[in-house]
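Me: I have a structure to go through with you. Could we take it piece by piece?

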Amino acid sequence: MDFNLSEEHQAVQAAARDFAQTELLPGVIERDTAQHFDPVLLRKMSELGFLGMMVAPEYGGGGMDTLAYVLALEEISKVDASAGVIMSVNNSLVCWGLEKYGTEAQKQQYLTRLASGEIIGAFCLSEPEAGSDATSQHTTAFLNADHYLLNGTKNWITSGNTSSVCLVIAQTHPEAKHKGINTFIVEKGWKGFSVGRKEDKMGIRASDTHTLMFSDVKVPAANRIGEDGFGFKFAMNVLNGGRIGIAAQALGIAAGAFELSLKYSKERKTFGKPIAEHQAIQFKLSEMATKIEAARLLVYKAARLKDEGKDYIQAAAMAKLYASEVAMWVTTEAVQVHGGYGYVKEYHVERLMRDAKITQIYEGTSEIQKLVIARELLK
């Protein structure tokens, strides 16, 4: 086991940290309040290669490994978890799925633009009645000559309005149940494709989350990903990798809250000395640091397994389960360390606490992660 980062990994980490601190930190509170992510920042993220990190250079990506990706995502999420989720969805769910399972024509038409950041993508699985039970797809896509007619509604879609391309999971053969599900590449602007209201969320407020609706949208048959009926496997395989990204986001949120708490504890004085000298605060900081380090090792292990071509399903589920639980616990403690100041926006930790909660829910709830882990253990 090698716990040392290569020079390349350290360089990626440093670049992400610099971008987060110099570009994302100014205005992060205002973006959260306004529920708006600055397109100028999105363009800078693409210019730095953060939106297609793992895609091969021939398709416009950075050709980096999963570990480099999670290192960057951790640093960015320390400051702005909304930027982190935009980055995670485009890298883990959209680009990786297209590169892994798309045809050459699909890669040339869509992946190159997504990886370069010219456009961003969305992943459309959840529905009003299909969350953790992803097999219950009510969105349908029936073949009609050389195209499919797509009908249905998708909920909780990250980058739902700002994305240009969506990967939509739909039921094509209801009688076959989950074996009749397919995934389609759908372009924004096609007739019958409409964007619903923007969700007013508790956390990750600067990322836009929308309902998307499809009414007789004509999708070329060539835009189906994989063989007929491959859609459910596609979604599950993509989510297995996506969990590593969300685990890295959760890790970043926790680490960001800890760093703020450590700094504050040295500055804030009570009873004539910095609160860092009070044992009650020292115990909190010690436990925060220990939990974060344990989460970090789980996340890095899952990334390395994926890079080595080994089975990473259990490791990814463990990383997401634990890192998200740590993020929620650490951010709550961070607010406590800050006292009354922790409850106001100026000190950032209240936002990080709000951001942390979603990591226990999306891309598979903590309860689903436990089921995945148990299934892998009992094989």
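**Notes on selected helices and loops**

Reply: S324 has its place in helix α9; helices (H or I, at least four residues) and strands (E, at least two) are DSSP runs, numbered from the N terminus. This is a predicted model, in which local features need pLDDT of at least 70 and side-chain atom pairs count only at pLDDT 80 or more, while totals for chains, interfaces and linings use all residues. Residues are numbered from 1 along each chain as its sequence is written, and side-chain values use heavy atoms, with hydrogens and water left out.

Me: Is S324 buried or exposed?

Reply: S324 counts as buried, because its relative accessibility is 1%. Buried means under 20% relative accessible area, exposed over 50%, and partly exposed in between (1.4 Å probe, protein chains only).

Me: What does the side chain of S324 reach?

Reply: The side chain of S324 reaches the backbone oxygen of L321 at 3.0 Å. A polar contact is a pair of N or O atoms within 3.5 Å; within protein, one must be able to donate a hydrogen and the other to accept it, and residues adjacent in sequence count only if both atoms are side-chain atoms.

Me: And which residues is S324 in contact with, leaving aside neighbours within four places in sequence?

Reply: With those neighbours left aside, the contacts of S324 include A250, T359, Q360 and S366. Contact means heavy atoms within 4.5 Å.

Me: At what angle do α9 and α11 pack?

Reply: Helix α9 (residues 313–338) and helix α11 (residues 366–377) pack at an angle of about 150°, and their axes are 9 Å apart. Axes are lines fitted to C-alpha atoms, for helices over the stretch in contact, and angles run from 0 to 180 degrees between N-to-C directions.

Me: Which residues meet there?

Reply: From α9, the residues include I313, A317, L321 and S324, and they meet residues of α11, among them S366, Q369, V372 and I373. By class, the contact of α9 with α11 has 7 nonpolar, 4 polar and 5 charged residues. Ala, Val, Leu, Ile, Met, Phe, Trp, Tyr, Cys and Pro count as nonpolar, Asp, Glu, Lys and Arg as charged, and the others, Gly among them, as polar.

Me: Changing topic: which residues of α3 are buried?

Reply: In helix α3 (residues 39–47), the buried residues are L41, L42, M45 and S46. Viewed down the axis of α3, they fall within an arc of 145°, so they line one face of the helix. The arc is that of the directions from the helix axis to the C-beta atoms.

Me: What do they pack against?

Reply: The buried residues of α3 pack against α1 (7–24), α2 (28–34), α5 (81–101) and α6 (104–116).

Me: Which residue caps the N-terminal end of α3, and what follows the helix?

Reply: D38 is the N-terminal cap of α3, with a side-chain oxygen 2.9 Å from the backbone nitrogen of V40. After α3 comes G49, which has a positive phi near 85°.

Me: Then the loops. Where is Q35, and what is its phi?

Reply: Q35 is in the loop between α2 and α3. Its phi is near 55°, a positive value in a residue other than glycine. Q35 counts as buried, at 16% relative accessibility.

Me: And where is A145?

Reply: A145 lies in the loop between β2 (140–144) and β3 (147–158). A145 also has a positive phi, of about 65°, although it is not a glycine. At 68% relative accessibility, A145 counts as exposed.
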